[in-house]
Amino acid sequence: MSKIEKTESVLILVFSILLLCSVNALPASMSPSRLVLYSAGLLLAQGLIRDLWIVFSTRHATRQDTRAEQCFCVESTIGFTGILAGALLFLLGYDTPIPITQIILAMSFIGVLVIGFVIKDFVIAWRPWRIYREKNHLNIILRWR
């Protein structure tokens, strides 16, 4: 495990503890559209913070292994799809709050962070179609064709 991965694991643990300690401050109900939007936003924010950390910590390194591929980061794809799904749910009127226990809500957000950590190195390519692990996919330049 790299230094960045260890630090991210510790930050997820600290966030989880803080979230569980303040579980009573969470709402007792939430609309499905907001739950999807918040979860997707949390996943995207986690990836953005990680990517910015990597970029700023390696900004003086040479980028000789840069290459163009037809692929997307799985984490970003799921997050963006979640934003679209949450917005669609909101537009379709699924904004009525449903009761949800605060501990389940906290565990859902913790689960999003853990899933984001697990899938951070995976990439979806469409020519040829495959999902594969690319440890340093910041060096991949998106190419549509």
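User: Which residue stands opposite isoleucine 124 on the E3 side?
Analyst: Strand E3 (residues 71-73) runs antiparallel to strand E5 (residues 122-126), and three bridges join them. One of the pairs links cysteine 73 to valine 123 of E5. Facing isoleucine 124 is phenylalanine 72.

User: In what order do the strands of the open sheet lie?
Analyst: The sheet has three strands with antiparallel pairing. Neighbouring strands are turned by 20° against each other on average, direction ignored. The order is E3-E5-E6.

User: What angle does the direction of H3 make with that of E3?
Analyst: H3 packs on this sheet, where the helix touches E3, E5 and E6. Taking the direction of H3 against that of E3, the angle is about 75°.

User: Are H2 and H3 roughly parallel or roughly antiparallel?
Analyst: Helix H2 (residues 32-57) packs against helix H3 (residues 74-91) at an angle of about 155°, and their axes are 8 Å apart. Because an angle over 145 degrees counts as roughly antiparallel, the two helices are classed as roughly antiparallel.

User: Which hand does the crossing of H2 and H3 have, and how do the residues of the contact divide?
Analyst: The crossing is left-handed. On the H2 side the contact includes Val36, Leu37, Ala40 and Leu44, while on the H3 side Ile78, Phe80, Ile83 and Leu89 are among the residues involved. The residues of this contact divide into 13 nonpolar, eight polar and two charged.

User: Is glutamate 8 buried or exposed, and which residues does it touch?
Analyst: Glutamate 8 sits in helix H1 (residues 3-21). Its relative accessibility is 9%, and since the buried class covers values under 20%, glutamate 8 counts as buried. Not counting residues up to four places away in sequence, glutamate 8 touches Gln46, Arg50, Phe117 and Lys120.

User: Which residues does serine 9 contact, leaving aside its neighbours within four places in sequence?
Analyst: Serine 9 is also found in helix H1. With a relative accessible area of 25%, serine 9 is partly exposed. Leaving aside those sequence neighbours, serine 9 is in contact with Met1 and Phe117.

User: What separates the C-alpha atoms of serine 9 and alanine 106?
Analyst: Along the chain, serine 9 and alanine 106 are 97 residues apart. In the predicted model, their C-alpha atoms are separated by 17 Å.

Key. Residues numbered from 1 in each chain as written. Predicted model: local features only at pLDDT ≥ 70, side-chain atom pairs only at ≥ 80, totals over all residues. Heavy atoms only, no water. Pairing = 2+ DSSP bridges. Helix = DSSP H or I, 4+ residues; strand = E, 2+ residues; numbered from the N terminus. Axes fitted to C-alpha atoms, helices over the stretch in contact; angles between N-to-C directions. Parallel < 35°, antiparallel > 145°, perpendicular 65-115°, else oblique. Left-handed = near helix turned anticlockwise from the far one by under 90°. Contact = heavy atoms within 4.5 Å. Nonpolar A, V, L, I, M, F, W, Y, C, P; charged D, E, K, R; others polar. Buried < 20%, exposed > 50% of the residue type's maximum accessible area, 1.4 Å probe, protein only.
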